[in-house]
Structure formats: C-alpha cells, structure tokens
Amino acid sequence: MKTVLVVLALVGCALAAPQVLPAETPKAKDYKEVPILREENVVDFDGKYHYAFELGDGTKAEQDGELKQVDPENAGESVKGFYSYTGDDGVVYSVSYVADENGYVPVGDHLPQAPPIPEAIQRALAYLATAKPPTDEKKF
C-alpha cells in the first residue's frame, strides 16, 4: 500500500512539473511592454458605467453601459462601445458594437456581411406580413 502511495505521489509531482515550451512558442521576452496612455473607469450606483483606455501601440477601447428595464419583470444591461487595434498586417481594425436584449451586434468594415435575402424569400416575407393570422379553428 505504501508503495502505491509513493508511486502516485511521484507521478503527481512529475505531472505538476513545469512543461518545456516548444521552440516555436513565443516567450515572454519576445513581447514588448506597451504603455497605458489613458485609462478611465467610472461606475455609478445606479448601474451606469464607463470605461476607456488607450495604449501606446494604438489600441483603443471604450464602453458605456446602463441598466435597462427590458419588460415589467426583467432588467438587463445595455452596452455600447468600440475597440480598435493594429493587426499584424499593419491595418487598423475597428469594431463598434451594441449589446442589449437583442444580443451582441458588432459592426466593422472587416467583418463578414450576411448575403442578400433571395428575391423569392423577400416576396414570401412581404406576403406573410400582410396575411391574416391563422385562426384556432381547424377545417378539414
């Protein structure tokens, strides 16, 4: 029994030992320190908040949020904000967004766009918008 415990302890120590990183994994020394140029953080007691920051590499982010009454029984957070950064390709990527009871809606020139709705589907949706709602009566 003691032998099993000793073996288990040795296996546990071996698993807990620091792992050697592969040669292609970036190490901490490969990253440069980026200074914080601006930082704002305000939280109000009524649920509103604002935060913003800007870094020395051009990265920026800003967000405002507030509590919103979604319906008589439920409240939720309504958030608007944006962020931007310079990609490895040298292009500045910017995203603005809204997040509320309708979900997260990001907008950015580099984000994929939904394809146009086919004409047949548009006609069907227009018809359904003007059609009478079905009744509960079943007619056979």
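**Entry 1, ground rules.** I number residues from 1 along each chain as its sequence is written, and side-chain values use heavy atoms, with hydrogens and water left out. Since the model is predicted, local features need pLDDT of at least 70 and side-chain atom pairs count only at pLDDT 80 or more, while totals for chains, interfaces and linings use all residues.

**Entry 2, strands β1 and β2.** I took helices (H or I, at least four residues) and strands (E, at least two) as DSSP runs, numbered from the N terminus. Two strands pair if DSSP finds at least two bridges between them. Strand β2 (residues 49-55) runs antiparallel to β1, and 7 bridges join the two. I found V42 opposite H50 in β2. The hairpin of β1 and β2 has 5 residues between the strands, and G47 there takes a positive phi near 100°.

Is β1 covered or in the open? I use buried for under 20% relative accessible area, exposed for over 50%, and partly exposed for in between (1.4 Å probe, protein chains only). Of the 8 residues of β1, 0 are buried, so the strand lies largely in the open.

I looked next at strand β4 (residues 74-86), which is joined to β5 by 8 bridges and runs antiparallel to it. S84 stands opposite S94 in β5. The β4 and β5 hairpin has 5 residues between its strands, and G90 in the turn has a positive phi of about 85°. On to β6: 5 bridges join β5 to β6, again as an antiparallel pair, and the hairpin between these strands passes through 2 residues. Y97 stands opposite P106 in β6.

How many salt bridges does a search of the whole structure find? I count a side-chain nitrogen of Lys or Arg within 4 Å of a carboxyl oxygen of Asp or Glu, and the search finds 5.

R38 forms one with E40, where the closest N and O atoms are 2.6 Å apart. R38 is partly exposed at 30% relative accessibility, and E40 is partly exposed at 31%. R38 also forms a salt bridge with E62, the closest N and O atoms being 3.9 Å apart. E62 lies in strand β3 (residues 60-71) and R38 in strand β1 (residues 36-43), so this pair ties together parts that are 24 residues apart in sequence. E62 is partly exposed, at 24%.

E101 and K68 meet in another salt bridge at 3.2 Å, N to O. E101 lies in the loop between β5 (92-100) and β6 (103-107) and K68 in strand β3, so the pair ties together parts that are 33 residues apart in sequence. E101 is partly exposed at 41%, as is K68 at 31%.

Patches are made of residues with over 30% relative accessible area and no salt bridge; like charges are joined within 9 Å, and nonpolar side chains (Val, Leu, Ile, Met, Phe, Trp, Tyr) within 5 Å. Accessible areas come from the Shrake-Rupley method with a 1.4 Å probe, and for residues only the protein chains shown count as cover.

Which residues make the nonpolar surface patch? I117, I121, L125, Y127 and L128 make it, and the patch is about 530 Å². L125 is found in helix α2 (residues 119-130) and is partly exposed at 48% relative accessibility.

For charge, Lys and Arg count as positive and Asp and Glu as negative, with His and the chain ends not counted. The place of a charge is NZ of Lys, CZ of Arg, CG of Asp or CD of Glu. I found a negative surface patch formed by D44, D46, D64, E66 and E77. D46 lies in the loop between β1 and β2 and is partly exposed at 46%.
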